[in-house]
Amino acid sequence: MLLRLFVPLLLLFPLFTASCATTAQKTISTATPEKRHREEWPPYAGKAFLAYLQGYAAEQDEKWEEALQHYQNALAFDPHSVHLKTQISMALIKVGRISDALTGLEELIKVHPDYVPALMLLGELYHNEKKSDAAIKIYERVVRLAPDKDEALLFLGSLYAGKGETRKAQALFGKVLEKDPDNIMALYYIGSAYLEAKSYDSAEDMFRKIITIRPSFDAAYVNAGFIRELKGDLPTAEAYYMKALEVNPNNMLTREKLFQMYLSEKDFRKAIKALEEALERVPGNVDAHLRLGLLYLQEKQYERALAEFEVVLAAKPRDLAVRNYKVLALEELDRHDAAIEELKKILTLDPKNISAFLSLGFIYAQKNRYDDAARIYEEILSFEKDKPEIYAYLGAAHMQLKNYIKAEAVFREGLARFKENDELNFNLAVLYEKMGRFDDMVAALKYTIELNPKHADAMNYLGYSYAEKGIHLDEALNLITRALDLKPDSGYIIDSLGWVYFKLGRFDEALTTLKKALKSVNDDPVLHEHIGDVYEALKSDHDALESWNEALKFPAKEEGLKERIERKIRNIKQKQHQKSAL
């Protein structure tokens, strides 16, 4: 539909009618009330005339409630006035009583089917209420009654165009252009019809002609820009959009087009600037603040993102999605306590919000508050037992707390519900390794791989475990190679491959591979330990000591590592001392 493709013909229709109404009001306001009375008004009695004048004055000040009251008072003195009834309907529209206005106009044209002002207003109302067929019938009647009424021809043509009846539309626009070749609205509608038909060159020619005739017509720039955008000529499209904003800085539709173009091109810097400039015009636009906040989040401008989310939450304090975005920004800023408080607010508003519970559990785990994390996961399971990952998270929390028996019970409970869940089986295997149950671990890992032949972590875990024990090294190499095919950038799997090479006695390949792993995980103490072990095997004691000392910079990451490394350093230094003593 045309409605979605460009500055829409039908979307602009109410704006144009409002513009025409404004023009009409300006024309009326230049005449004295007496002249209007002579030319347009029926010969009211004195009280009706006075009430009408009061309504007219209120209308000029846009005090529509007052205008409505005065017009109704006037109608009481002259109950048969078609003009007053039409004015009352206009006032009803202005105060938002659309249904009453519609009813009044429909009743009016039953009695006075040829009264053009009422028909025009009813046609506009039908259109705004998305009753296109009814609007068409009304404007067709107007055109029969007043064939020279350009406004009706244009509106009817636009409705035909919206229904895809291009020939009918073009014929009506052509009638207007016969009388007035430079009629901007007729040219605009013709250009829009070309655009709907995807005749982009003809459409662009028409919009350029409009710009030549009336350089202040911003909609023509917008549609010309849209055509350039469709053709991939983004710099020219941008120039057209910017010209439209120069002509009318308050055209938010143009700002939206510009923003969407930047967004589609992933030019987030310009998209941000476009939104910032839009918000200078309409600072209260909550949706714009939200989009700006999300862009700031995308661009890692977390403090600015937070500020925008706060603006949105001030207007929509119960918006859980925005509160979740706020949590993301807080987490990126390592403001975990504030993130926790925000998540608690979400849970106050929605006590069973699993996403908030999970985020809370993850944050507690990051802060090594595994007791709190376990409590959160247990609370989720109190009302949601159909998500296998919850059992995995809870079991993992108990593992961190070394509550191995409890962890196994959790995994077993999960597997009773989801026997073939690969992640639960994988976590159970990790637990068995920590409990020293090697054979059970191997069985669980093999079953995980059987369930999911692409479970790279299970293949890596099994291959590395074989390598650690120095058994099934060919199988270990095969498993880790397959895992690496699935995750070629995983530093931990590359480390496992290097370790298998070491166990196979292929020391040079081991060293090259382990150094490659350092590019991804240079803060892993076990990797530095492995490199030290390879250097020791290559009789390069200085390099071995250097690598082991590097591993000691991260002792908290591996239980027992500090004692193990220090023992290796003592042994190598003792050997060096013995050599020097000889």
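The model is predicted, so local features need pLDDT of at least 70 and side-chain atom pairs count only at pLDDT 80 or more, while totals for chains, interfaces and linings use all residues. Residues are numbered from 1 along each chain as its sequence is written, and side-chain values use heavy atoms, with hydrogens and water left out.

H26 spans residues 422-434 and reaches 19 Å from its first C-alpha to its last, close to the 18 Å expected at 1.5 Å a residue, the expected span being 1.5 Å times one less than the number of residues. Helices here are DSSP runs (H or I, at least four residues), as are strands (E, at least two), and they are numbered from the N terminus. At the start of H26, a side-chain oxygen of Asn-421 comes to within 3.2 Å of the backbone nitrogen of Glu-423, and after the helix comes Gly-436, with a positive phi near 75 degrees.

## Ser-465 in helix H28

Ser-465 lies in helix H28, which runs over residues 456-469, and it counts as buried because its relative accessibility is 10%. Its side chain reaches the backbone oxygen of Tyr-461 at 2.7 Å. Leaving aside residues up to four places away in sequence, Ser-465 touches Phe-438 and Met-441.

## Helix H19 and its buried face

Helix H19 (residues 302-315) has 14 residues and reaches 20 Å between its first and last C-alpha, close to the 20 Å expected at 1.5 Å a residue. Its buried residues are Tyr-302, Ala-305, Leu-306, Glu-308, Phe-309, Val-312 and Leu-313. Seen down the axis of H19, these buried residues fall within an arc of 165 degrees, so they line one face of the helix; the arc is that of the directions from the helix axis to the C-beta atoms. They pack against helix H17 (268-281), helix H18 (286-298), helix H20 (320-332) and helix H21 (336-349).

Tyr-194, in helix H12 (residues 184-196), is partly exposed, with a relative accessible area of 29%. Its contacts, not counting residues up to four places away in sequence, include Gln-170, Ser-199 and Met-206.

Glu-238 is found in helix H15 (residues 234-247), and its side chain is joined to that of Lys-270 by a polar contact of 3.2 Å. A polar contact is a pair of N or O atoms within 3.5 Å; within protein, one must be able to donate a hydrogen and the other to accept it, and residues adjacent in sequence count only if both atoms are side-chain atoms.

## The protein as a whole

The protein has 34 helices and 0 strands. Its radius of gyration is 38 Å, well over the 25 Å that the globule rule gives for 582 residues, so the protein is more spread out than a compact globule; the radius is taken over C-alpha atoms, and the rule is 2.2 Å times the number of residues to the power 0.38. The C-alpha atoms fill a box of roughly 130 × 50 × 40 Å along the principal axes, and 46% of the 582 residues count as buried.

Terms used:
Buried means under 20% relative accessible area, exposed over 50%, partly exposed in between (1.4 Å probe, protein chains only). Contact means heavy atoms within 4.5 Å.
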